[in-house]
Amino acid sequence: MAVRTIRSERANATRRRILDTAERLFAEHGVTAVSNRQISEAAGQGNNTAVGYHFGTKVDLVRAIVRRHNEQIERRRLDMVERAAGSSDPRDWVACLVHPLAEHLAESGSPTWFARFGAQVMTDPSLRPIMYEETLGSPSLLHILEQLHHCLPELPVEVRLERGDMTRQLIVHMLAERERALAELTTTPRASWCDAATGLVDAIVGLWSAPATPRRRPDDTDTPEV
């Protein structure tokens, strides 16, 4: 029994090293630019097939990285959703989207790589569905989006969809940009992850509150003055 426990602990430690190494390399170089062999070597594994043995394909490895972080982010999100219950202020619900991720990055130490890893995954058409599946499958996230839309002014469907895309891009890439700056020891606009999240919430609330220009009908034409 003791031997089996030791083997299990070693296997778990190896899996953690592989996950940590893959996340860093994917964040710094892009997912497609990094091979399983490179990950195994950088993780100190003598067997170059270690990644495949422990995780399977690269897609499986990416999914494992996402799940490892999302489990912790989801716990924070659930706490914020509970505190925001009954609110009709869109800021409270936007905060539920932004702050759990920012807090997770803040408590992960420095440097971190998950924000940049997420940005790399979201720009890869073959891997983007993994992020959608793992995050949009969260009951708390679906609840947040539902409550947010109840708080917003009436907007055409296409405008809501467009601003949803904008919101996602802002969250993913602004957090990744801050993470990059911290890793490179360059100046950041905000002093902390909490302050950065607050600024991002302000911007997203402003985005959703902005008026929408009425769409011109195809038969509308400008009649020049005579």
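This report looks at the aromatic rings of the structure above and how they pair up.

The model is predicted, so local features need pLDDT of at least 70 and side-chain atom pairs count only at pLDDT 80 or more, while totals for chains, interfaces and linings use all residues. Residues are numbered from 1 along each chain as its sequence is written, and side-chain values use heavy atoms, with hydrogens and water left out.

Let's start with the rings. A pair of aromatic rings is described by the distance of the centres and the angle of the planes. Rings of Phe, Tyr and Trp (its six-membered ring) pair if their centres lie within 6.5 Å; planes under 30 degrees apart count as stacked, over 60 as edge-to-face and the rest as tilted. This structure holds two aromatic pairs, shown here:

| Pair | Distance of centres | Angle of planes | Type |
|---|---|---|---|
| F26 and F117 | 6.3 Å | 25° | stacked |
| F114 and F117 | 5.9 Å | 25° | stacked |

Where in the chain do F26 and F117 lie? F26 is in helix 1 (residues 2–29) and F117 is in helix 6 (residues 114–122), so this pair links distant parts of the chain, 91 residues apart. Helices here are DSSP runs of H or I with at least four residues, numbered from the N terminus. F114 and F117, in turn, both lie in helix 6, three residues apart, about one turn of the helix. Together, ring pairs link F26, F114 and F117 into a cluster.

Terms used
Helix = DSSP H or I, 4+ residues; strand = E, 2+ residues; numbered from the N terminus.
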